[in-house]
Structure formats: structure tokens, C-alpha cells
Amino acid sequence: MTTATAYAHPNIALIKYWGDLDPTLHIPANGSISMNLAGMFTRTCASFEPGLEEDRFTLNDKPAPIPSSRRVSKLLDRVRQMAGIRTHALVESQNNFPTGVGIASSASGFAALSLAAAYAAGLELDEKDLSRLARTGSGSACRSIPAGFVEWQSGGSDEESYAFSIAAPEHWDLVDCIALVSIAEKQVSSSEGHSVANTSIFQEARITDAPRRLDICRTAIQKRDFKALAEVVELDSNLMHAVMITSDPPLLYWKPETVSVVQEVISMRKSGLAVCYTIDAGPNVHVLCSSEVAGAVSGMLKELPQVSKVLECNPGGPAWIEKSALHGNNRD
Ligand code: PMV
């Protein structure tokens with residue numbers, strides 16, 4: 001029996017992935033850029049055990065819901081196919097942050113699972129192939145494999161669709177202050193959302209303009225230009241939500257509290273603070289700023305009655321294997 005334990009951070013998309021060219025392999029309609037979130041992680045322990053009659057998956061110490069277990073088994077099937085084995089696996093995952101509320105727990109989850117399962121199966125995958133594997137579990141998971149600021153090129157094919165680091169975590173001391181307004185599990189999964197993206201008349205315009213936004217975002221990161229980053233990040237988030245609310249059926253992840261936090265961020269900026277907002281497939285608001293003003297920004301967000309908690313994250317490193325937790329083999 002070979003056991004491996006891996007960790008991965010969630011990531012916040014600065015340029016969003018929304019809609020697939022290939023929904024099975026999660027080949028995205030557009031490229032995206034993200035920042036890994038240090039401090040938050042999924043820890044996943046995987047072992048292929050000859051005695052098991054089926055895969056067993058526990059999430060936060062409880063048997064996982066059937067749809068999540070199916071997605072995990074699909075990824076394990078890929079690993080088994082690559083390794084030429086048929087053994088079932090025991091997978092135990094824990095998140096040290098709220099699950100399913102728009103903090104990308106599926107991204108960190110499938111990144112950690114890919115690394116742990118590949119290692120436990122004896123596969124030696126490089127970063128590109130791990131990113132490709134993670135992508136098949138949940139698209140955005142491919143961005144939680146490399147370090148820091150990460151770009152996922154659409155690539156258009158299984159071979160070419162993967163993520164790579166465009167700047168190390170130390171490159172820019174940005175902080176993501178996540179203002180939690182609700183920790184209820186979301187009603188509509190992002191997979192369902194991707195599948196209806198094309199029903200919005202705005203999706204085509206969003207996709208056509210994506211290379212321009214990616215260039216602006218990449219350059220803003222390279223030059224540490226917060227003003228340029230803030231403009232493109234807010235535009236991109238608004239474009240994605242415009243597609244969501246005009247899809248068939250329409251998807252509205254925002255709550256009244258989400259909008260009021262966004263308005264507070266806009267007022268903070270008017271008062272001279274360098275801040276911007278971005279929102280994923282959930283009601284919580286990610287407020288980006290530089291580390292010099294993070295204390296002040298976080299303090300102001302905590303004062304708001306609609307905000308229950310603020311999580312502060314710096315740029316995070318890549319997914320990693322816990323060496324001391326390796327058993328049953330002699331790989332280093
Ligand atoms: O990887 P998925 O299927 O959970 O999709 C992620 C979708 C967003 O979080 C809304 C955007 C993104 O690029 O992370």
C-alpha cells in the first residue's frame with residue numbers, strides 16, 4: 001500500500017474562467033489568471049488499497065455526497081489508467097476554510113487530490129501534466145498546481161490546456177481580504193453554470209475580448225501596477241456576472257449584502273485607498289489591496305454589519321507533497 005498526502009491552496013481568479021469548449025475535459029472557452037491564496041488549503045491523503053471494492057472519499061471527516069464522490073472517482077480512473085492499475089482508493093480530504101461558498105474549495109480539492117493520487121500511484125508527473133490532470137477534476141484546479149500568480153492557457157486541447165506561474169508569490173505583496181457575507185453552500189454548482197454560459201448573448205463578447213483583458217492583467221502583475229489591475233479585475237468580474245444573470249436559466253450568486261460590500265469598496269477607493277473587488281460563483285466579496293493598506297481595509301470590512309468575518313490571504317505557493325506522510329514506498 002502506498003499513501004501520499006498533498007496540500008493545495010485555493011485561488012482567486014483575477015480574469016475568470018466561465019464556459020467550456022469541452023465540458024468533459026474542462027477545456028475553457030477563454031484563458032484565465034489567478035492568485036493562489038496562502039493560509040487556506042485542502043489537505044488530501046490518498047492510498048490505493050487492494051482490499052477495497054470501491055473508492056471511498058471522506059470530506060471534512062464525513063462520507064462525501066454522492067456527486068462529489070463520483071467526480072473524485074472519475075479523476076482516480078484517469079490516474080489508474082495512466083498508472084496501469086485497477087486498485088480502488090481511500091481518499092480523505094480536509095479544508096481549513098469554508099467549503100462550497102465561492103472560495104474555490106473545488107480548486108484546492110482537485111489540485112491536492114491530483115498530486116496525492118498521482119504520487120500514491122507511483123506516477124512521476126511534471127507540473128504541466130499535474131495541472132492537466134487537476135483540470136479534469138475542476139477546471140480552476142489546474143491553477144492551484146503552480147505557484148503564486150498563475151495563467152491558464154485555454155490551449156484548445158487536453159494536451160495544451162494547462163496552467164503555469166507568471167510570477168512568484170513574493171513578486172507582489174497583494175492581499176485578498178475575503179469579506180464573508182454568507183457561508184451557506186451554494187445552490188447552483190459552477191459546472192451547471194459553465195454549461196449554460198453560451199445561452200447568454202454576452203458570452204461571445206466576453207470571450208472575444210478575453211485576450212485583451214488577459215494582456216492587461218498579465219502586464220499589470222509584471223509591473224505591479226495596482227490601478228491597471230483593479231480596473232481589469234473589476235471589469236472582468238462584472239462581465240462574468242453579466243453573463244451569469246443573463247443565462248438561461250439565469251444565475252444570480254449575489255445577495256443584497258454582496259452589493260453593499262461592493263459599494264463600500266467603491267467608496268474606499270474614492271477616499272483614496274487602492275482597493276478593488278472581485279466575486280466568484282458565490283456571494284462573498286474578495287477585496288484586493290496591497291499589504292500596506294490591508295490592515296485598514298480589513299478593519300473597515302470587519303466593521304460592516306453585513307460582514308461576518310474577513311479572511312486575509314497573501315499570494316500562495318504551489319501544491320505540495322508532505323514528505324513525512326509518505327508510507328509504503330521509498331521515493332523522496
Ligand atoms: O473550476 P470551476 O468549475 O469551479 O469554475 C470556477 C469558476 C469561477 O470560480 C467563477 C471562476 C474562476 O476562474 O475561478
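Predicted model: local features only at pLDDT ≥ 70, side-chain atom pairs only at ≥ 80, totals over all residues.
1. Phi of Arg-224 is positive, near 50 degrees, although the residue is something other than glycine. Arg-224 sits in the loop that runs between α6 (210–223) and α7.

2. The loop between β7 (56–59) and β8 (62–63) holds Asp-61. With a relative accessibility of 61%, Asp-61 counts as exposed, because the limit for that class is over 50%.

3. A further backbone feature is found at Pro-249, where the peptide bond leading from Asp-248 is cis, with omega near 0 degrees. Pro-249 has its place in the loop that joins α7 (226–245) to α8 (256–270).

4. As background, nonpolar side chains tend to be buried together in soluble globular proteins.

5. The ligand is surrounded by 14 residues, and the closest of them are Tyr-17, Ser-140, Arg-143, Ser-190 and His-194. By residue class, the shell around the ligand divides into 5 nonpolar, 6 polar and 3 charged residues. At least three residues of the shell come from domain 1 (4–168), and at least three come from domain 2 (171–313).

6. Which side chains bring a polar atom to an oxygen atom of the ligand, and at what distance? In the side chain of Ser-140, an N or O atom is 2.6 Å from an oxygen atom of the ligand. The side chain of Ser-106 has an N or O atom 3.5 Å from a ligand oxygen atom, and a polar side-chain atom of Asp-280 likewise lies 3.5 Å from an oxygen atom of the ligand. On its own the ligand has 380 Å² of accessible area, and the protein covers 93% of it.

7. His-9 deserves a separate comment. The residue is placed in the loop between β1 and β2 (11–15), and it counts as buried, given a relative accessibility of 8%, which is under the 20% limit. The side chain of His-9 reaches two backbone oxygens, that of Met-40 at 2.7 Å and that of Leu-37 at 3.2 Å.

8. Asp-77, in helix α1, is partly exposed at 42% relative accessibility; His-88 is 11 residues from Asp-77 in sequence, and the C-alpha atoms of the pair are 9.1 Å apart. Thr-278 belongs to strand β13 (residues 275–278) and counts as buried, with 0% relative accessibility. Between Thr-278 and Tyr-253, which are 25 residues apart along the chain, the C-alpha separation is 13 Å.

9. The remaining pair begins with Ala-121, a residue of the loop between α2 and α3. Is Ala-121 buried or exposed? At 18% relative accessibility Ala-121 counts as buried, because the class takes in values under 20%. From Ala-121 to Asp-225, the distance is 104 residues in sequence and 43 Å in space, taken C-alpha to C-alpha.

Terms used. Residues numbered from 1 in each chain as written. Heavy atoms only, no water. Near = heavy atom within 4 Å. Polar contact = N/O pair within 3.5 Å; in protein donor to acceptor, adjacent residues only side chain to side chain. Areas by Shrake-Rupley, 256 points an atom, 1.4 Å probe, with all protein chains shown as cover. Nonpolar A, V, L, I, M, F, W, Y, C, P; charged D, E, K, R; others polar. Domains from an automatic or database assignment. Helix = DSSP H or I, 4+ residues; strand = E, 2+ residues; numbered from the N terminus. Buried < 20%, exposed > 50% of the residue type's maximum accessible area, 1.4 Å probe, protein only.
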